[in-house]
Amino acid sequence: MTIDVADVILRDGTTLRLRPPTREDADALVDFFRALSERSLYLRFHGFPRLGPELVERLLDPDWTERGALVGTFAEDGRERVVAVGNYERLRDPTVAEAAFAVADEFQRRGVGTRLVEQLAQRAGRQGIERFVAEVLPDNRDMIGVFEGLGFEVSRQLAGGEVEIEFPIAITAEFEERVDERDHVAVTASLRPFFEPRSVAVVGASRRRGSIGGELFRNIVEGDFVGAAYPVNRHGNPVAGVRGYRAVSEIPDPVDLAVICVPAESVNRAARDALEHGVRALVVISAGFAEIGREGVERQEELLALVRAHGARLIGPNCLGISVARVNLNATFAARAAPPGNIGFSSQSGALGLALLEAAVTRGLGLSAFVSIGNKADVSSNDLLEWWEDDESTDAILLYVESFGNPHRFARIARRVARRKPILALKSGTSTSGQRAASSHTAALAGSEAAVDALFHQAGVIRATSLEELIDVATLLSRRFRVSGRSVALVTNAGGLGILGADACEAAGLQLPPLGEETRRALAALLPAEASLANPVDMLGGATAATYASVLPHLLSDPVVDAVIVLFVPAVSATAEEVAEAVERSVRESGSDKPALAVIVSADGVPAVLRDSKHVAAFVYPESAAKALGHAAARASWLRRPQGVVPRLDGIDRDAAQAVIASTLAETDDTWLDPAATRDVLLAYGIPLVPERVAATVEEAVEAARELGFPAVVKTAEAGAHKTETGGIALDLADEHEVRAAAERIGPPVVVQPLISGGTELLAGVVQDPVFGALVAFGPGGVFAELIGEASFRIAPLTTVDAEELVTSGKAGRLVAGFRGAPPASVEALEQLLLRLSRLGEDLPELAELDLNPVLALPDRCLAVDARARVRRIEAVVRAKTW
């Protein structure tokens, strides 16, 4: 097993590197124990041991099977210092290990012990250890507090003057919730120097106009940054009238944030100087890192290690910079500053960030912060979500994403944040040209985009498909409307435009209900007799600004209306500016918090009064307005649905399934399981299967059919075969003669099953995505599964709500409900099947593809009729980044 280092954030925002100790660490560990205070040493060892090499011998080069150990290191005076150590040793009961840890006195009460035990528990769990025990002195309240605060179910008892602590280390929902709480506090603290800096140094700030560093520094000065700004360049020249320095270390005052704009080969030297001066936040603008290949990757890894060793955070490299409205910080080299507002925007692409900044001005969008994360060597959109969750100046969050580093963590954070603030994301790379070849129906229907869609859906993230749509939806989300449903009232002065608007609403999943009788009477008194009082409301071409102003309050107050879309084409009766002003004033004075959207067709674009309005969201086309409102309504539906839970499942034998897979992979790295092995794996997870026998000869097939009953099914036992395409299956065999003939044609070995009649054919399965992990699939099944398509996917682990949605929505949901007179299938049985497949996919990452097709859905149960499973060897790696 390869054990990576684990970089963790402490509750004060500093970072700490945890790694296995090696032989080279022996002296450093002895020095660590010698530096502990007498009290800390006594509490750790219940006495005063001899401080020599023998004390640390069993900590070095852990094998993780019998013993595991991690040291926490921190850079000090240019060298790595051990500031903490934790370890476990397996006991006679192989499911139990004794755990202990020690932390340097000056690092205590910062969360170091908690992070150590978190990491040790995860590693021990992968070795089959189920419980940790620890013997603690009664007055060692800090250590007891660490164990009890982890999120595990801790029991303790006093015995022989010591407290015996014991707890299971299986990852539970409560444990993950506690970890998320700790991460939130820690990550937020670590990002504070980026968003609330009191001082900023720009390394590479040149006096030369047009240079990136020089222009970035001038942007800071011209933006009226509330703190101190320092230009740093080779000769210490002043820039923009501000005294310069040759290095950050020469600046006499503390520096919170350093922005580095020097050639790539000089970045790490500049970073080291800043970090050793106490800087805890770096933004590296410079390119020439991982994006250029191996040399750049090595340079980036060196930079990150340097940042980690000093307990700091890094944005970039290869980024545009950061701007924060609250402190008037514009540390970017953009030609135009982001207008202040209430949207937090993170972009993995600097160019797209620039494009959105330009569009923000024309659409009246304001940003609370803009962060270009570039190569995201450290700070990612996950971290920024943590910050914006509690940021009072941010009401909505925009993300441009090119890749995911830790999608499971993204899902957990986004699911929590999205219940407080809308999250809108634009994900690039949606073409199918890069999809890998797939062998099973499940894998063929899956793909990276299916995984992204599932991730965003489960997390409540609104997905835009273009930059235009991103800006349109942001225009709506930045207003604090109360979106409660999908019922829309359309009002227009042109019938054709109203029809286009109605079509766009229907395409966006919105509804145009008949208006209430009271509303219709009010409109009849205001409009000409020829006007249409249906929905859309066509006020005719003679409608004036006053007409719009008088009609809108009635539409907004109608209880059947959740939102209003106003459409206007300039006519001789009114100008775009007049109608825009009337609409804005009418909506504002109505006091309604329902969404009010306006499409004012004008050669001059969106009228300024609407662009700057907090009460009306303005759009260029009816389709844009409808799409944006459709997204907002979908989010409202997501907020109303129950959150669901990942249930505990009985009757699962993970060890048995792993043994089957391990036995197969002992001989090959990638193969299809044979039918018997596939069946053993599925039965270990309680997957309902049709009874079957594997027959090695024709006569065994006949005997199996006689035992299982007629009519029978005979199919090839070849591992991974597509049975229909290869002619490897024979159905509805009425007697022994037909079974014998089929077995002879197909050729032994064969699988024999009883024919199960009736039911609906569905598909269920699991595919392992290299980035997102296990994806659970569900959709129409049988031989037309790929032709019909529309299998839906969710990322494991599935909640009860995820399983219900898969079973009851889409084409599969119509089949389950009873299509064209067919009896409805058991929703509960199908949900249980999907939840078990989710657990199987999570537990067994070696299971590359699993295809259950068809699954027969019956009124009282479901049965997997055919199953194909491919396994492949994977390298077991404990991932490094834990936030």
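Me: What is the handedness of the crossing of α10 and α15?
Reply: Quick caveat: this is a predicted model, where local features need pLDDT of at least 70, side-chain atom pairs count only at pLDDT 80 or more, and totals for chains, interfaces and linings use all residues. Residues are numbered from 1 along each chain as its sequence is written, and side-chain values use heavy atoms, leaving out hydrogens and water. A crossing is left-handed if the near helix is turned anticlockwise from the far one by less than a right angle, and right-handed if clockwise. For α10 and α15, that comes out as right-handed.

Me: At what angle do α10 and α15 pack?
Reply: Axes are lines fitted to C-alpha atoms, for helices over the stretch in contact, and angles run from 0 to 180 degrees between N-to-C directions. The helices are DSSP runs (H or I, at least four residues), numbered from the N terminus. Here α10 covers residues 350–363 and α15 residues 467–477, with axes 11 Å apart and an angle of about 45°.

Me: How many disulfides does the structure hold?
Reply: A disulfide is a covalent bond between the sulfur atoms of two cysteines; the cut-off used is a pair of cysteine sulfur atoms within 2.5 Å. Take Cys-319: its closest cysteine sulfur, in Cys-261, is 8.6 Å away, so that's too far for a bond. The total is 0.

Me: Is Cys-319 buried or exposed?
Reply: Buried means under 20% relative accessible area, exposed over 50%, partly exposed in between (1.4 Å probe, protein chains only). Cys-319 has a relative accessible area of 5%, so it's buried.

How values were computed: Helix = DSSP H or I, 4+ residues; strand = E, 2+ residues; numbered from the N terminus.
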